[in-house]
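Subject: Structure for you, with notes on salt bridges

Hello,

Here is the structure I said I would pass on. My notes on its charged side chains follow below.

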Amino acid sequence: MPDFFALSVKETFEKLKTREKGLSDAQAFERKEKFGLNKLIEKKGTTKLEILFNQFKSLIIWILIVAAVISFFIGETLDATVIIILVVVNAVIGFVQELNADKSISALKKLMNLKAIIKRNGKIIEIDSEQLVPGDLILLEEGMKVPADIRLIETIQLETMEASLTGESTPVVKAIEELEKETHLADRKNMVFSGTAISKGKGKGIVTSTGMKTEIGKIANLLQEQEEPPTLLQQKLAFLGKWIAIATIIICVIVFFSQIAVLKEFSFSKASNAFMVAVSLAVAAIPEGLPTIVTISLALGIQRMVKKKSLIRSLPAVETLGSVDVICTDKTGTLTLNEMSVREIYFSGKNIKVTEGKQKFLVAGEEEINLTKILNAGVLCNNSVLGEKAIGDPTETALLEAGIKAGIKKEKLDELFPRVNEIPFSSERKLMTTVHEYRGKKISFTKGAPDTVLELCTKIFENGKVRAITFADKEKILKANSEIADKAMRVLGFAFKEEDTEKEEKMVFLGLQGMNDPPRKEVKLSLELCRQAGIKVIMITGDYLGTAKAIAKELGLGTNSLTGKELEEISEKELEEKIDSVDIFARVNPSHKMKIIHALKAKKHIVAMTGDGVNDAPALKKADIGISMGIKGTDIAKESSEMILMDDNFSSIVDAVQEGRGIYDNIKKFVNYLLSCNLGEVLLIFFAIIIWWNEPEALIPLIPIQLLWLNIVTDGLPALALGLDPAEKGIMQRKPRNPAEQIINKKMFYSIGFIGVLIGLGSLGLFAFHLDKGLVVAQTVAFTSLVVFEIFRLQAIRSNFKIGMFSNKWLIGAVGTSFALQLAVIYTPLNAIFKTAPLGVNEWLAIIGVSVVLFVLSLGFNKIIKDK
């Protein structure tokens, strides 16, 4: 496909074999057969059945299923039922979580579900945009969405909003002249692109690309080629689950065959008992509630984040936020307000800074100055409207806002200065003039390119008086214009005239107004927090480099930069070498963003990427965390992201990162808690088998249903409440953790091992000590001691994070509930199901005494290894 932007109008007609009358019906039919419908093609997605089967891929799940099936066949129906219910609950949660299928391409399709007015056979007709083919002659009008990629052949004050595709924050003025072959996508002024909008004027063009060949189509291709990698948490939980499963299988096999080996006489009954001991160990070893607890903990984290204006679409993404060490952020609307605002005014020979809010206008913060004359010009020579939502050109709405800051409202001013004529803006004149009546006379106001306005002025308004303009005045004005423009502002000149108002000549020069999209106030502090947290922030924008650097300087970001053109000229290897020193990427397109993220990932960075437009969608999917804008983001950006900023504010990302770090800490807490407790249960049974191997069926300290009760209820509730623990103070002063670090690091491994041994030996000792009171009493003491030990274990773990004992009311409630439930299975008729016996004061004193000793030992061990 040729670069139509580099061809003349005549050459475009020739290449596409079309004419002023448009295509014939026969040509249109032939091209539709060749190029297909003007729509995006979506690859086949994952079926519901496939999603359901995916929930049973875990080795842990299959161990539990096998244990349940065999338990059922040997008569342990209750145990089998409980295990199967647990497996089903986990599968349902996972299924519902993944059922939200990928809607990215569907959202892109919405952008193309349009009507088009075209010329065929010399007649103007309206058709569905799907029927458009290359070569169609199409008419463009203000307010319409562009249905295909189009080479313009005629423009009348035509402007488009292309921010969703290119990142350009202001309307793009269109022309028809051919351009250089190397022209960047955002600078192709003679083209309009599918999915963008006509904000002003009208025009004609020739369709050059449809469907998957358009710029939107290319993005759709990138999206479909892009596989979503598993999040860090998914990878780590999978790794943890794999090793738990392997260890469980090995232990169960050893225990089962060692029991069979020592039998003096083999029988099915004894083999069945040996198997149930092995099943007991499997149940003890596997933290059955872990997947559910992780899911619920992340869901609770999501609820907290919504209050901080962040909506998470993917549960595991919550934790990944805590690992982020690079944030690639768009400029427009994220670091800035995405609202053009007058920032500086030159009037009566003085530069005036304009800040937020209604105020008096001051020079150097001291001298008050009346700007009514120049602000009136900006408000009157203006076709935009301010209401609940600004309507019109962003530059003009900025002028209206500047007037409001001085108490000047357009409605009242229009009554005082009724408009009688207008000379519209044209790209040739670079001017707009409106003529008004005032006290029986006419007065005109003109705005436009500063140098053009200045050339047409013979007088100047200064200090309340009109005088002849001098060469020195013009030099000073042009210098002021350059200084404001160097700050990446769009500058307009203003003039007025009280005689012969219909002619744009011999006017009185008023001054200059410079405007840009200002940074958000709170972003500067958020960027400082990122620096303290070891997070690098990179600005990636489709806007001009000068504009990007000006905003970066204002926010305190670095200004080392690369442009899209420079990116194309270097290899991926060269980019990897430079990437850590680059602060700004400007004038980039979607493929550039993919190249940037690939280079960052190659350097082992965990990358968060923000975006709001169609152009951002592939990069949002490629990043570890895709973050879209909730207010001004497109549907495609939202559907391609894991997180949506409800207020479009960069500062909300920093809040989310802090929340993510806290959630990961909490995950580590309950993994430590569950596994150390489970290890204690395993060692209790394993030690008992070794000690009483001659009679294994009589002296097993815990039966399977008691282990399930421990793992799901008395362990599960406190573990779940740990997910609501407050974040450690100073959490954002930490550097990002190493993404290669597993949930169980070396120190936690030692902690789990040491505490597991203590719990196993402590409960075994209590079991042995109470055997003379009968097996059921001894089992009940061992069973209850594990519940009490685990309550003490909770605070030992939390002390590592300097969290107060009473800082989490949910944990206090969970511990109280767990303990109450344990009392219920001992002292109510439930004891028949759980095969327990009521305990007396002496038994409780023994349990509490051993618990205190274990708590003190665990605190001492924590201090030694500084486990965290």
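Please keep in mind that this is a predicted model. It holds 28 salt bridges. A few of them are described here.

Glu344 and Lys353 form one of these pairs, and their closest N and O atoms are 3.3 Å apart. Is Glu344 buried or exposed? Glu344 is buried, as its relative accessible area is 3%, and the cut-off for buried is under 20%.

The next pair is Arg419 with Glu422. Their side chains meet in a salt bridge, at 2.9 Å from N to O. Glu422 is partly exposed, with 28% relative accessible area. Arg419 is also partly exposed, at 33%.

Another salt bridge joins the side chains of Glu528 and Arg531, where the N to O distance is 3.3 Å. How many residues apart are Glu528 and Arg531 in helix α19? They are 3 residues apart in that helix, which covers residues 523–532, so about one helical turn separates them. Glu528 has a relative accessible area of 33% and is partly exposed. Arg531 counts as partly exposed too, with 38% relative accessibility.

Last, there is a group that goes beyond a pair: Arg304, Lys308 and Glu659 are linked in a network of salt bridges.

If you want to look at these in the viewer, Glu344 with Lys353 and the network of Arg304, Lys308 and Glu659 are both in the file.

Regards

Terms used: Residues numbered from 1 in each chain as written. Predicted model: local features only at pLDDT ≥ 70, side-chain atom pairs only at ≥ 80, totals over all residues. Heavy atoms only, no water. Salt bridge = Lys/Arg side-chain N within 4 Å of Asp/Glu carboxyl O. Buried < 20%, exposed > 50% of the residue type's maximum accessible area, 1.4 Å probe, protein only. Helix = DSSP H or I, 4+ residues; strand = E, 2+ residues; numbered from the N terminus.
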